[in-house]
Amino acid sequence: QYKFEFSSRANYNNDTGKAYTDIDEFIGMPSVKTLRVDEQDARQPLPRAGSEHISTVYFFSMDKKSIYGLTLEVNKPTEFNIKTGFELFDQILSTFKFTDN
């Protein structure tokens with residue numbers, strides 16, 4: 001019912017030719033949830049219209065060279081499945097830790 005995905009990209013802003021200075025600059029949206037993931041500041045943008053069954057959290061690697069994304073997608077979206085999935089996602093995020101930094 002759920003798809004959990006990890007993504008990584010270089011911390012590089014194509015518009016400026018420089019690294020993003022903080023995660024808020026990368027997100028570029030005012031409507032976000034602030035949290036901590038693996039001792040890093042993280043941001044969880046509000047889902048886009050039509051994608052209410054997908055939630056993503058972004059944060060920097062410890063060395064700030066990469067931007068990580070953790071995504072949970074509810075494959076069979078119903079109100080119950082979305083609520084349950086996002087509660088599970090919150091539990092994962094609260095305990096997420098890399099074993100080798």
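Here are legends for a few close-up views of this predicted model.

**View 1. The largest pocket and its size.**
Start with the open space itself: the largest pocket comes out at about 260 Å³. Its lining takes in F26, I27 and M29, then P45, L46, P47 and R48, and finally S51, I54, S55, T56 and Y58. Sorted by class, that lining holds eight nonpolar, three polar and one charged residues.

**View 2. Where the pocket lining comes from.**
Which elements each supply at least two residues of the lining? They are α1 (23–27) and β4 (54–60). Strand β4 gives the largest share, with four residues.

**View 3. Strand β5 and its cover.**
Strand β5 spans residues 66–74 and is mostly covered. Of its nine residues, eight are buried.

**View 4. β5 beside β1.**
Now look at β5 next to strand β1, which covers residues 2–10. The two run antiparallel, with nine bridges joining them. To get your bearings along this pair, find Y2, which stands opposite V74 in β5.

**View 5**
The hairpin formed by β4 and β5 has five residues between the strands. What does K64 do in this hairpin? Its phi is positive, near 65°.

Key:
Residues are numbered from 1 along each chain as its sequence is written. This is a predicted model: local features need pLDDT of at least 70, side-chain atom pairs count only at pLDDT 80 or more; totals for chains, interfaces and linings use all residues. Side-chain values use heavy atoms; hydrogens and water are left out. On a 1 Å grid over the protein atoms alone, a cavity is a set of points where a 1.4 Å probe fits but cannot get out, and a pocket is an open set with protein on both sides within 12 Å along at least five of seven lines; lining residues have an atom within 4 Å of a point. Grid points are joined across faces, edges and corners, and a volume is the space filled by probe spheres set on the points. Ala, Val, Leu, Ile, Met, Phe, Trp, Tyr, Cys and Pro count as nonpolar, Asp, Glu, Lys and Arg as charged, and the others, Gly among them, as polar. Buried means under 20% relative accessible area, exposed over 50%, partly exposed in between (1.4 Å probe, protein chains only). Two strands pair if DSSP finds at least two bridges between them.
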